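Let us take a friendly walk through this protein structure and look at how some of its parts meet. Keep the picture in view as you read.

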Amino acid sequence: MTRQELIKQIREKQSFLCVGLDTDLDKIPQCIIDEAKAKDGEDYIFRALCEFNALIIDATAPYCVAYKPNLAFYEAYGVDGMLAFEATIDYLKEEYPNHFIIADAKRGDIGNTSKMYAKTFFEEYDVDALTVAPYMGEDSVTPFLGYKDKWVILLALTSNKGSHDFQLTEDTQGERLFEKVLKTSQQWGNEENMMYVVGATQGQMFEDIRKVAPNHFLLVPGVGAQGGSLQEVCKYGMTKDCGLLVNSSRGIIYASNGEDFAEAAADAAKKLQQEMAAILK
């Protein structure tokens, strides 16, 4: 998906919501587990993951422009989990081809290894974007940038407590590490193929981000269950093209653990979309 196609979807849907598919068998409704076990017995994992994801996607698709399956939640279930990840991607492509698909895998390694990671996600799974860790530098990131209309989403300033351990450290000129990542990486990619992860809990730090990367799209996790403020993110981070994909995972997909889970997810997504529409106007 190109930048202009993404912007078009945001404007048409009046939403910049990304729904995170962090699908955990310990958290999804028991009714899904019971139904999958009734059909497949002990081999229920694949069916349960796929059924839950499909129902969440169907319920939330009108209110979001993107989905972000987190690879850890599929790799944890071995082959069945990875088959469910692939089936979820296929379902999105078949039923909702205009939605932006982000594989949240946080890959990044020496060049030859990154080349194979890029092949996996951009050729085999054919997702739109992949989260990438920039710590190993240019040759670990550039293999992901050679695909037309595909995006690298670099970790820049994350929302976890440990982000202060490294990301905010300063060099002798007072430049913080996340600022160096932003400045240096713009020599590798551009606004058409690179985004940055910036945690919603960073608040006014978005102002500093925009000084260095004024027009790049930002993927913003942490709104909802992690306590990030949508209003604050937009106040300091929004651009004339919106420039934001705000992710909510647990706050939407686990809005209820009862049989009404899909309806509850739809309501939670709709509430965020309505807030976003008001901000966009």
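Asp208 and Arg176 meet through their side chains in a salt bridge, with 3.2 Å from N to O. A salt bridge here is a side-chain nitrogen of Lys or Arg within 4 Å of a carboxyl oxygen of Asp or Glu. Asp208 belongs to helix 10 (residues 205-212), while Arg176 sits in the loop between helix 8 (163-166) and helix 9 (177-185), so the pair ties together parts that are 32 residues apart in sequence. Asp208 is buried, at 18% relative accessible area, and Arg176 is buried as well, at 17%. Buried means under 20% relative accessible area, exposed over 50%, and partly exposed in between (1.4 Å probe, protein chains only). Helices (H or I, at least four residues) and strands (E, at least two) are DSSP runs, numbered from the N terminus.

Before going on, please note that this is a predicted model, in which local features need pLDDT of at least 70 and side-chain atom pairs count only at pLDDT 80 or more, while totals for chains, interfaces and linings use all residues. Residues are numbered from 1 along each chain as its sequence is written, and side-chain values use heavy atoms, with hydrogens and water left out.

**Salt bridges**

How many salt bridges are there by this rule? The count comes to 18.

Lys180 is partly exposed, with a relative accessible area of 35%.

Arg3 lies in helix 1 (residues 3-13). Is Arg3 buried or exposed? With a relative accessible area of 5%, Arg3 is buried. Apart from neighbours within four places in sequence, Arg3 is in contact (heavy atoms within 4.5 Å) with Trp151, Glu191, Glu192, Asn215, Phe217 and Asp241. The side chain of Arg3 also reaches the backbone oxygen of Asn215 at 3.0 Å. Arg3 and Phe100 are 97 residues apart in sequence, yet 11 Å apart in space, C-alpha to C-alpha.

Two strands pair if DSSP finds at least two bridges between them. Strand 1 (residues 17-21) pairs with strand 2 in the parallel sense over four bridges, and Gly20 stands opposite Lys68 in strand 2. Strand 2 is also joined to strand 3 (residues 100-107) by two bridges, and these two run parallel. Here Ala66 has Phe100 of strand 3 as its bridge partner. Which way do the residues of strand 2 (residues 66-69) point? Ala66 and Lys68 point one way, Tyr67 and Pro69 the other way, and all are buried.

**Thr88 in helix 5**

Thr88 is found in helix 5 (residues 78-95) and is buried, at 4% relative accessibility. Not counting residues up to four places away in sequence, Thr88 touches Leu21, Asn53 and Ile57. The side chains of Thr88 and Asn53 are joined by a polar contact of 3.0 Å. A polar contact is a pair of N or O atoms within 3.5 Å; within protein, one must be able to donate a hydrogen and the other to accept it, and residues adjacent in sequence count only if both atoms are side-chain atoms.

**Aromatic rings**

A pair of aromatic rings is described by the distance of the centres and the angle of the planes. Rings of Phe, Tyr and Trp (its six-membered ring) pair if their centres lie within 6.5 Å; planes under 30 degrees apart count as stacked, over 60 as edge-to-face and the rest as tilted. By this rule there are eight aromatic pairs. One of them is the tilted pair of Phe121 and Tyr125, at 5.8 Å centre to centre and 50° between the planes. Phe121 is buried at 2%, and Tyr125 is buried at 14%. Together with Tyr74 and Phe85, Phe121 and Tyr125 form one aromatic cluster.
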